[in-house]
Amino acid sequence: MSDIVIDRQAAINEPLLPSLEQLTHWVGCVFSRHPDDERLELTIRFVDEAESQALNRDYRGKDKSTNVLSFPFENPPGVSLPLLGDLIICHAVVAHEASEQQKPIEHHYAHMVVHGTLHLMGYDHIEEQEAEEMEQLERELLATLDIPDPYHE
């Protein structure tokens, strides 16, 4: 999907961060299942634990760093922009989780980008049924990227 525009921001100096090409591929995978969605612009920002913790505390009331935060864009009344929103990804948390789960960091990054993009599109996992639907969609999308089920124990 060549119309996707990603503003890739690295607020940390880390060589293992995904490239713009990888991000575009992973986000494109999500859009392949939502071809009518015209909100093709998003920001993906890679941060340290302090920034992740501050944002998680200020916007979600959870005073700890987390793997991915999603901030959907809401168009002001009467204005239509193609912005989907922002993903904030904490490298330290993603790297730790990938190691702990014994999976390649690239696979875990792909999962976080797919998961976060689905949140920007309105998916959620608060209710059990919503969680099952979202997780199944994540499994299907990641399978198209040759990435194993991230929820398989």
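# Close-up views of a predicted model

The structure holds seven salt bridges, a salt bridge being a side-chain nitrogen of Lys or Arg within 4 Å of a carboxyl oxygen of Asp or Glu. This is a predicted model, in which local features need pLDDT of at least 70 and side-chain atom pairs count only at pLDDT 80 or more, while totals for chains, interfaces and linings use all residues. Residues are numbered from 1 along each chain as its sequence is written, and side-chain values use heavy atoms, with hydrogens and water left out.

**View 1. A salt bridge between Arg33 and Glu140.** The side chains of Arg33 and Glu140 meet with an N to O distance of 2.9 Å. Arg33 lies in the loop between α1 and β2 (41-47) and Glu140 in helix α5, so the pair ties together parts that are 107 residues apart in sequence. Helices (H or I, at least four residues) and strands (E, at least two) are DSSP runs, numbered from the N terminus. Arg33 is partly exposed, its relative accessible area being 43%, and Glu140, at 31% relative accessibility, also counts as partly exposed. In these legends buried means under 20% relative accessible area, exposed means over 50%, and partly exposed lies in between (1.4 Å probe, protein chains only). The areas themselves come from the Shrake-Rupley method with a 1.4 Å probe, and for residues only the protein chains shown count as cover.

**View 2. A salt-bridge network around Arg57.** Side chains of opposite charge can pair when their charged atoms come close. Arg57 forms a salt bridge with Asp58, where the closest N and O atoms are 3.1 Å apart, and the side chains of Arg57 and Asp63 meet in a salt bridge at 3.9 Å, N to O. Through these shared partners, Arg57, Asp58 and Asp63 are joined into one network. Arg57 itself counts as partly exposed, at 38% relative accessibility.

**View 3. A negative surface patch that includes Glu133.** Glu127, Glu128, Glu130, Glu132 and Glu133 form the patch. Patches are made of residues with over 30% relative accessible area and no salt bridge, like charges being joined within 9 Å and nonpolar side chains (Val, Leu, Ile, Met, Phe, Trp, Tyr) within 5 Å. Glu127 is found in the loop between α4 (105-120) and α5 (128-144), whereas Glu133 lies in helix α5 and counts as partly exposed at 48% relative accessibility. The C-alpha atoms of Glu133 and Arg45, which are 88 residues apart along the chain, are separated by 27 Å.

**View 4. The buried side and the exposed face of helix α3.** In this helix, residues 91-100, the buried residues are His91, Val93, Val94, Glu97 and Ala98. They cover an arc of only 165° around the axis, which puts them on the same side of α3, the arc being that of the directions from the helix axis to the C-beta atoms. The face of α3 turned away from this buried side carries the exposed residues His96, Ser99 and Glu100.

**View 5. Positive phi angles at Gln102 and Asp146.** Most residues other than glycine have a negative phi. Gln102, although it is not a glycine, has a positive phi of about 55°; this residue has its place in the loop between α3 and α4 and is exposed, with a relative accessible area of 75%. Asp146, which is not a glycine either, has a positive phi of about 60°; Asp146 is found in the segment after α5 and is exposed, with a relative accessible area of 66%.

View 6. Between Gly28 and Gly85, which are 57 residues apart in sequence, the C-alpha to C-alpha distance is 15 Å.

Terms used:
Lys, Arg positive; Asp, Glu negative; His and termini not counted. Charge placed at Lys NZ, Arg CZ, Asp CG, Glu CD.
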